[in-house]
Amino acid sequence: MRSSLPLFPEQASTFAERVDALYYYLLSVSGFFVLLIFALIFYFAVKYRRRSEGEQTPPILGSIPLEVAWIVIPFILVMIMFVWGASLYFTAFSPPANAMEIFVIGKQWMWKVQHPEGRREIDELHVPVGYPVKLTITSQDVIHSFYIPAFRIKMDAVPGRYTSIWFEASKTGTFHLFCAEYCGTAHAGMGGRVVVMKPSEYEQWLRTGAPEESLVAAGGRLFQQLGCSGCHSQNSIARAPLLDGVYGKPVPLQSGQVVLADESYIRDSILLPQKDVVAGYAPVMPSFQGRISEEELMQIIAYIRFLGEEGPEPRKTTR
Ligand code: CUA
């Protein structure tokens, strides 16, 4: 659906059309009732006007069919909104398993993007058309919100936490990228562009520019440099949990709870190691709070994820 009225941004993701369809439904339901109510106000005002001094209002006894109608019809209309909206919501928050993953960090006042292959960019996001892309988002200072109107996606970037959203671009081109959460003086300038390219061009783009190490390689290097490998390895003296294959698995904790080893858990384990101690281990790990940047955290997480994956190569971007 391409409207000739420029009320909506361009539809450039598979999600956009579905969001707009729901929006049109909300608009038409609201529009219909606004018109109906206003028309009836005027009609009744005229029809039931007082015709003479001393005219008495007749007693009103109510009407069962009328009451049933104004309960049942709005109920059905809002339940459609609920089911429709919820299904879109679940789609937006369940990335397909084969989605390629890109990391996004918000800071005052720019967006920093890291591709798994190592290419980094600022205030720009290059993606291939026709592939699902999952964004893992955080902030290194205040709350921002990553917003691509043409894709109909918006997700908060929250310090100390990872959020994620996904999309599949449906056409090539350049689209706006905004920060949609007031974050200080230069909030309005915190934006850029999303460049959707043909997959072959994207592959080429990834390979151009300064040769940078992949996220996994950078994470592996940090893992050595920061001394993680001293304890978290097969032949270390200090007893620390091995991290091979830990990602995505349930981890039993000292407290008796079991948590899923996702990005947030790994992040917390690095910054707040005393928070969730693995069952059977002593809380001896030092905190890396303040010693490690958000970029480095994402690299180490990428490395730990890779540790359990099969094959010698990190996850490929193409299917
Ligand atoms: Cu960042 Cu507004």
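## A friendly tour of a predicted model

Helix H2 (residues 64-93) has 30 residues, which at 1.5 Å a residue should span 44 Å, and its end C-alpha atoms are 43 Å apart, in agreement with that expectation. The expected span here is 1.5 Å times one less than the number of residues in the helix. Helices (H or I, at least four residues) and strands (E, at least two) are DSSP runs, numbered from the N terminus.

Please keep in mind that this is a predicted model, where local features need pLDDT of at least 70, side-chain atom pairs count only at pLDDT 80 or more, and totals for chains, interfaces and linings use all residues. Residues are numbered from 1 along each chain as its sequence is written, and side-chain values use heavy atoms, with hydrogens and water left out.

**Helix H2**

- The buried residues of H2 are Leu-77, Leu-88 and Ala-92, where buried means under 20% relative accessible area, exposed means over 50% and partly exposed is in between (1.4 Å probe, protein chains only).
- Among the elements that cover these buried residues of H2 are helix H1 (14-47) and strand E8 (163-168).
- At the start of H2, a side-chain oxygen of Ser-63 comes to within 3.2 Å of the backbone nitrogen of Leu-66.

- H1 has 34 residues and reaches 50 Å from its first C-alpha to its last, close to the 50 Å expected at 1.5 Å a residue.
- Within H1, you will find Phe-15, Ala-16, Asp-20, Leu-22, Tyr-25 and Val-29 buried, and their cover includes H2 and strand E7 (153-157).
- Ser-13 lies in the segment before H1 and is buried, with a relative accessible area of 5%.
- Leaving out residues up to four places away in sequence, Ser-13 touches Ala-150, Phe-151, Glu-168, Ala-169 and Ser-170; contact means heavy atoms within 4.5 Å.
- A polar atom of the Ser-13 side chain lies 2.9 Å from the backbone oxygen of Phe-151.

**Helices H4 and H7**

- Two packed helices are described by the angle between their axes and the distance between the axes.
- The axes of helix H4 (residues 215-225) and helix H7 (residues 294-307) come within 7 Å and cross at roughly 100°.
- That makes H4 roughly perpendicular to H7, a term for angles of 65 to 115 degrees.
- By class, the contact of H4 with H7 has ten nonpolar, three polar and one charged residues.
- Among the residues that meet are Leu-215, Gly-220 and Phe-223 in H4, and Glu-296, Tyr-303 and Phe-306 in H7.
- Gly-220 lies in H4 and is buried, with a relative accessible area of 14%.
- The C-alpha atoms of Gly-220 and Ser-28 are separated by 54 Å, and these residues are 192 apart along the chain.

**Backbone details in the loops**

- A cis peptide bond, with omega about -5°, joins Gln-108 and Trp-109, and Trp-109 lies in the loop between strand E1 (100-107) and strand E2 (110-114).
- Asp-123 has a phi near 60°, a positive value in a residue other than glycine.
- You can find Asp-123 in the loop between strand E3 (120-122) and strand E4 (124-128), where Asp-123 counts as buried at 19% relative accessibility.
- Arg-152 has a positive phi of about 60° although it is not a glycine.
- The place of Arg-152 is the loop between strand E6 (144-148) and E7, and at 14% relative accessibility Arg-152 counts as buried.

Notes. Axes are lines fitted to C-alpha atoms, for helices over the stretch in contact, and angles run from 0 to 180 degrees between N-to-C directions. Angles under 35 degrees count as roughly parallel, over 145 as roughly antiparallel, 65 to 115 as roughly perpendicular and the rest as oblique. Ala, Val, Leu, Ile, Met, Phe, Trp, Tyr, Cys and Pro count as nonpolar, Asp, Glu, Lys and Arg as charged, and the others, Gly among them, as polar. A polar contact is a pair of N or O atoms within 3.5 Å; within protein, one must be able to donate a hydrogen and the other to accept it, and residues adjacent in sequence count only if both atoms are side-chain atoms.
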